[in-house]
Amino acid sequence: MSTNPPAVDDRARPTGPPPALASGAVSATVGKGLRPDSVGLFTMISLGLASVAPAYSLTVTLGLVVAIVGVQAPAALLVGFVPILCTSFAYREQNRVMPDCGTNFVWITRSFGPWAGWLAGNWVPQIATAIAMTALGSIGATNLLSLVGLDAWAGQTLPTTLVAVGLIALVTAVSYRGVQLSARVQNAMLVVQLVALLGFAAIALGRGHAATPSLSWLDPLAIHSAKGFTEAVLLCLFIYWGWDAALAVNEEAKDRSRTPGRAAVLSTLILLGTYVFTAVAAISFAGAGTTGAGLADPSNSADVLTALAGPVLGSAAAKLVTFAICISTVSALLTCVVSTARPNVSVSAHGAQPAVFGRIHPRYQTPTFATVFSGASASVLLVVLTFASSRFLGDAILSTSLLIAFYYGTTALSCTWHFRHELRNSVRDLLVKGVLPAAGGIMMLAAFGYSAYQTVAPDYGSTSIDGVGGVFLLGIGSIVLGLAVIAVLRLRYPDFFRHGRSTITDFVVED
């Protein structure tokens, strides 16, 4: 006899907000039709790590950080990790009492109301992820073409765009077929990434000759420039982005009140160890110089791992690193589709957008329209931005830093506000429900404010309009556009925007 739950006919599902749960009850999946108890801890960690695309993130960021702070790059990675860790505790604690696949949307709505929930918890993460998918698709296509020997095509707009759209279509199809298939593919790709990344780092550290590793490399106080310190930490802050993708499948997790939160915290810790180890090894091997083979050399800094793979591993084995970077981008694309489709189901189930987003496949028990919509919207955005201007696409990617800091910060503060009456219960509650999330939220929103201030300058990025930087216009403009969308939706879904906070209830978890 099959142990799978019976298929759910999406036509029979209620489309309005779920009924409030009785006080003291332990919730089952609230009628969304997703497959419960199908994702374990290891797979959730895999989803969180894959969304970050560690091989890709490190290769395009490490050289820039080294150019700013030199051998103190590992210290910047450590400092950038602090607000991420604090925020991960906020995710863990809120998931324990509200394990809904809407995550940010549900938690922020409960704490700050439906306008804030829809804007900071739904619109902003969706826009940031769609923009990120355009970058991942483009870079994945370029690396794939180079890997198969089509370097001439890799430098042309039309072939790379077509391949990028093809990659997005492929991962959308995999996601559509079910979270278990997505998880198996994701696990395999993550193993390839980590083996290549850690193998490269171990060999580079063993062969290092440009600089001798020192504990001072981990000392943030050794960074004497306040401006340089801030810029480096901001860069490091955003290479951790994506670890929270695991919580998008929290309603499909085994022990969904605990496993997703543990996966979120463990994912961030694994990322920290991988990044710091690889950074120390790369600096040891190549040094932090701005000329020759140094990591800060402009010819190396934009793609550190590719530049060092040959000298460290030899030309044949270097292909493995290129393959890992390609796999990293495709893996992240897959997680992006998975992690954007699920929140759309929740937003629909709570009566805050069209019911079509909540449709679930009767066999695969995955979001149907929401999954296709995520892939299609990213493909359309990729084509529009690419053919509008390659410079415009670059600024759109840079603008994601504003969006990420905004919704991470708001989510972290929503934790402290939600648990404000429990902070006196114990030292543990005060720390993990109050102090750490609040610290993470304040640091994230401070990063948002600082980034917004920096990006106003017309020379920040590649475009500007009337003396205002294009990165600022795209980032802040996206948030303002979200407010306009809410104003329209409020007319279509008045019940949610009047009573949304009261329809989202805590799920009391029995220890």
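Predicted model: local features only at pLDDT ≥ 70, side-chain atom pairs only at ≥ 80, totals over all residues.

Is Ser 267 buried or exposed? Ser 267 lies in helix H10, which spans residues 259-286. Its relative accessibility is 0%, and the cut-off for a buried residue is under 20%, so Ser 267 counts as buried. If we set aside the neighbours within four places in sequence, the contacts of Ser 267 are Ile 45, Gly 48, Leu 49 and Trp 243.

Let me now turn to the protein overall. It contains 18 helices and 2 strands. Of its 511 residues, 56% are buried. Consider the contacts between residues at least 6 apart in sequence: 81% of these join residues at least 24 apart. The protein exposes about 20000 Å², and 66% of that area is supplied by carbon and sulfur atoms.

I move next to a helix pair. Helix H3, residues 73-97, packs with helix H16, residues 427-455, and their axes are 8 Å apart. The angle between H3 and H16 is about 130°. Angles over 145 degrees would count as roughly antiparallel, and 65 to 115 as roughly perpendicular; H3 and H16 are therefore oblique to each other. Their crossing is left-handed. On the H3 side, the contact is made by Val 82, Pro 83, Ile 84, Cys 86, Thr 87, Phe 89, Ala 90, Arg 92 and Glu 93. H16 contributes Arg 428, Val 432, Lys 433, Leu 436, Pro 437, Ala 439, Gly 440, Met 443 and Met 444. Sorted by class, the contact of H3 with H16 has 12 nonpolar, 2 polar and 4 charged residues.

Finally, some backbone geometry. Most residues other than glycine have a negative phi. Which value does phi of Thr 103 take? It is near 35°, a positive value in a residue other than glycine. Thr 103 is found in the loop between H3 and helix H4, the latter covering 104-112. With a relative accessible area of 6%, Thr 103 is buried.

Asp 466 also calls for comment. Its phi is positive, about 50°, although Asp 466 is not a glycine. Where is Asp 466 placed? It sits in the loop between strand E1, residues 464-465, and strand E2, residues 468-469. The cut-off for exposed is over 50%, and at 79% relative accessibility Asp 466 therefore counts as exposed.

Thank you for your attention.

How values were computed: Residues numbered from 1 in each chain as written. Heavy atoms only, no water. Helix = DSSP H or I, 4+ residues; strand = E, 2+ residues; numbered from the N terminus. Buried < 20%, exposed > 50% of the residue type's maximum accessible area, 1.4 Å probe, protein only. Contact = heavy atoms within 4.5 Å. Areas by Shrake-Rupley, 256 points an atom, 1.4 Å probe, with all protein chains shown as cover. Axes fitted to C-alpha atoms, helices over the stretch in contact; angles between N-to-C directions. Parallel < 35°, antiparallel > 145°, perpendicular 65-115°, else oblique. Left-handed = near helix turned anticlockwise from the far one by under 90°. Nonpolar A, V, L, I, M, F, W, Y, C, P; charged D, E, K, R; others polar.
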